[in-house]
Amino acid sequence: RSTLRTDGARNTVAAMEGAGVRRIVAMSGLGAGDSRQALPFPVRFFVAPVILGRLLADQDGLEAALAASGVAWTAVRAGELKDEPARGGWRVALDGRVSTAVARADVARFLVEQLTDDTYVGKTPAIGYP
C-alpha cells in the first residue's frame, strides 16, 4: 500500500505555503473521488476496487490534501495514458464522463495550460476524448 501521492501532496502544499507559492496543477486519475461513478460498469465494479483500489485511495488522498490547502489547486483526472501522438480535440468534464484512454501528449498540454488558466481552480477536471 502506497501513500506516495497523498504524502507528496501534503509535503508539496506545506512547502508551497511556506514559500508563498500559490498555484499547483497535479495529476490525479479517472476513478478518483466522485469520478468513480462515471466509469464503465466493469471498470467501476471490478477493475477499480480489485485492481486499482489502493492507487485510487492514494489519489483520493492527493485530492483531499489539495482541497484542504490554502493554495490555488487543480487536480487533473485522466484515465489510461496512451503512448501515441497528440490528437487534440480532447473533452474536459467535471462529472468524469470522458473516454477512459487519452494520449499522454494531450494530457501534458492540458496540464501546462492550467498553469495560466483559472477555469478549473479548486476543481478536478477529467480529460479524455468525446
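Helices (H or I, at least four residues) and strands (E, at least two residues) are DSSP runs that are numbered from the N terminus. The model is predicted, so that local features need pLDDT of at least 70 and side-chain atom pairs count only at pLDDT 80 or more, while totals for chains, interfaces and linings use all residues. Residues are numbered from 1 along each chain as its sequence is written, and side-chain values use heavy atoms, with hydrogens and water left out.

The structure holds nine salt bridges, a salt bridge being a side-chain nitrogen of Lys or Arg within 4 Å of a carboxyl oxygen of Asp or Glu. One of them joins Asp-7 to Arg-10, with the closest N and O atoms 3.7 Å apart; both residues lie in helix H1 (residues 4–19), three residues apart, which is about one turn of the helix.

A salt bridge is also formed between Arg-77 and Asp-34, whose closest N and O atoms are 2.8 Å apart. Because Arg-77 lies in strand E2 (residues 72–78) and Asp-34 in the loop between strand E1 (23–27) and H2, the pair ties together parts that are 43 residues apart in sequence. Arg-77 is buried, at a relative accessible area of 2%, where buried means under 20%, exposed over 50% and partly exposed in between (1.4 Å probe, protein chains only).

Asp-60 forms a salt bridge with Arg-36, the closest N and O atoms lying 3.4 Å apart. Asp-60 belongs to helix H3 (residues 53–67) and Arg-36 to the loop between E1 and H2, so this pair ties together parts that are 24 residues apart in sequence.
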